[in-house]
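Visitor: Could you take me through one part of this model at close range? I would like to look at where the parts touch.

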Amino acid sequence: MLLRKLLLVTMLLGIFAILLAPASAQDEPTTITWLTLGWPTEAIIEEFEARNPDVSVEAEQVGFNDLFAQIQVRLGAGSEVPDVISVDVPLVSGYAFRNWLLPLDPVFTGDEVEDWLPAAIDAGSYEGTLYAAPVSTSTQLLFYNKGCFDRAGLMPPGADDRLTWEEIAEIAQQMTFDDDGDGTPDVWGFIWEQMVRIYQLQALPESLGGSAIGDDGMTVDGVINSPEWIEAYTYYYNMFNVWNAAPQGEEFWPADIFETGNICMFVGGPWNIPRFANNADLDIEWGVSRHPYFADGVPATPTGSWHIGVNANTENVDAATRFVHFISTGEGAEIWWRRGSGDFPAQQSVLALFATEEEFDALPMSYMRTAADEATVNPRPRAVTVGFLEYEQILQNIFQDIRNGADVEESLNLAVQRIDSEMAKYR
Amino acid sequence: MMRARQQIIPYLFLLPALLLLVVFNLMPTIATLFESMFVISLRSGERVFAGFANYNRIFNDPIFWKSFQVTVVFSLLVNPIQIALALGLAVLINQRAPGIGIFRSIYLLPIAVSLNVTAIVWGLMLDQNSGMINGILLQLGIPRQPFLHSVDQALWSIIVIASWIGVPLWSLFILAGLQNIPPPVLEAAKIDGANAWQSFTKITLPLLRRVLAFVLVADTVANFLMFAPILLLTSGGPRLSTNLIMYETYRRGFLYGDLGASAAMLSVMLVIVFIIVGIELYALRGRD
């Protein structure tokens, strides 16, 4: 009997607790989840929350490859979290095509839109509607270790020089050293920072006049196995397999090896400039020059970076769009650039700070000005296609194969076959 | 009344396990077969009945056939290798020798480590530039091997990794079978003049038939489902040489959002596994 009474009381208390919960929750701030990479997010969240006390932002930070898989699985399943996602810009059309992102046009004023780089607005839009607000853009420079040039008896290039890929091949071989004589170099001449990613490697065929994808955004046959692609990736193959001037094997992050003096040159993003400049323990002398190009071709540079979008199924539309607005415009954009990702901003007002801020007057931070200028030299956006994820990942596998010795033409033909079979579902 | 109650009791005990089996095995299987008949519009998310359209699509897809071929080759290699080694190992550790208990514990250690951790550690050991195996090879005067980056070596590397766990695991079952063979039977054979090989092939193997049938079926199924080392180490490469159907299914369904094709591939695999397991069970059926 006593047990029954006890049970009844507990149940009643439980019911009250449930009924009362929403009332007390009203004073609690709305929590939104932001699925993003491992950037320092504390400052931007703190500043946003100070201005929006009714919203609390939780950053869910994952690795580069995991981010794409998580978006694919969670948004694909119609989940209402995460509320906000960082979007790699070439994926915008694929996400918009699937109706995973909320249209953002009403969120921004005309002035705010005009402040973004025009290329970034186009890249964040699908069929004329903005789905992902521009946050950053990017470019690439050649980073080199001056000590390697001295050791090889060569003159390093100046910040405004632009070496050809042919020259890079030559120099890289002279700056590859096998100090312990075990047959494997201890100091490598060259590498691409994102060694198997189309983001960086597309500039190779583009320099020779190749394209990334057919005009319909689907066709790859005759495009990614064209003579320009074969020539470009034969160069890439030779760097790893014939000239042995770049390391094979697993992917790694070259800046780490550059800092230890085991890589002499790499083509990489300007995010490395503050990294090396602020590294007090760095005991190599380094410099930058412009992005290389093929002697028979034209300079072409990688571009595009991170945008930010709102999950179409979010239950917190207002809070989520407020956060997206904050980080992609004005003051918030500047905070994100200064104390967040440090990537090149997509806002012209923030980009202009490079020219005026004293911080960029002297070396090595003045290299940021070189980078800001390089971003305007024939920037080649990645393929605009609803199937970019498949396109990117298949090419990543293919580049990894070529890097490790697979035949170039055979590999590119396999890429055509694989991408074609994935594109079938969009047709 | 009492009898009826008693008859129900065993079923009540079985009920929780049955429920779990239905929820986690049977229902997803049926859902997959069902899903393979539908196409989801990527644009609107609408599900449309499509009959065998997904099957038609995958049967005309060279990538599916390539991964089918890789899976068949992998199964034809890995299952006999694992079972032969497991049988050999079980016979060895069934010997009565001083310190055999310690050896039995050591060889069982790989089972205690999860397949994911095993895959990652093997990945580090097989690394082309800094891997331990290449370090040993260099000491022996053998040049560096690309292992997971070579079309010719990657599938073999996966077989080694899978067997690292598989061999001790299956040998455990076979060992149990060996210890169930009554010693007098083997002694009788010895007295009748049978040598070691004769008593192994004429007595031990036939008496192990039931255990071997189980091991063969379970090993076949486990290897058909092989996924983690591929995801963690090769992503199906190089040049699709390790692109097992299970990984291709995951890639289609979860990475590229093509659930219809993914479900169709799984259904095809299900049928194939059923057929192969049927053949195996028939071949090793008990005649006693």
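Visitor: How many residues does the contact take from chain A and from chain B?

Guide: Happy to. This is a predicted model, in which local features need pLDDT of at least 70 and side-chain atom pairs count only at pLDDT 80 or more, while totals for chains, interfaces and linings use all residues. Residues are numbered from 1 along each chain as its sequence is written, and chains are lettered from A and ligands numbered from 1 in the order in which they are written.

The contact draws 28 residues from chain A and 21 residues from chain B, where two residues are in contact if their C-beta atoms, placed from the backbone, lie within 7 Å. On the chain A side, α3 (64-76), α19 (388-403) and α20 (408-423) each supply at least two residues; helices are DSSP runs (H or I, at least four residues) numbered from the N terminus. With six residues, α20(A) gives the most to this side. By class, the side of chain A that touches chain B holds nine nonpolar, 12 polar and seven charged residues. Here Ala, Val, Leu, Ile, Met, Phe, Trp, Tyr, Cys and Pro count as nonpolar, Asp, Glu, Lys and Arg as charged, and the others, Gly among them, as polar.

Now for the domains of chain A. The assignment, automatic or from a database, gives domain 1 (27-138 + 304-351) and domain 2 (141-301 + 381-426). Their C-alpha centres lie 29 Å apart, and 13 residues of domain 1 are in contact with 13 residues of domain 2.
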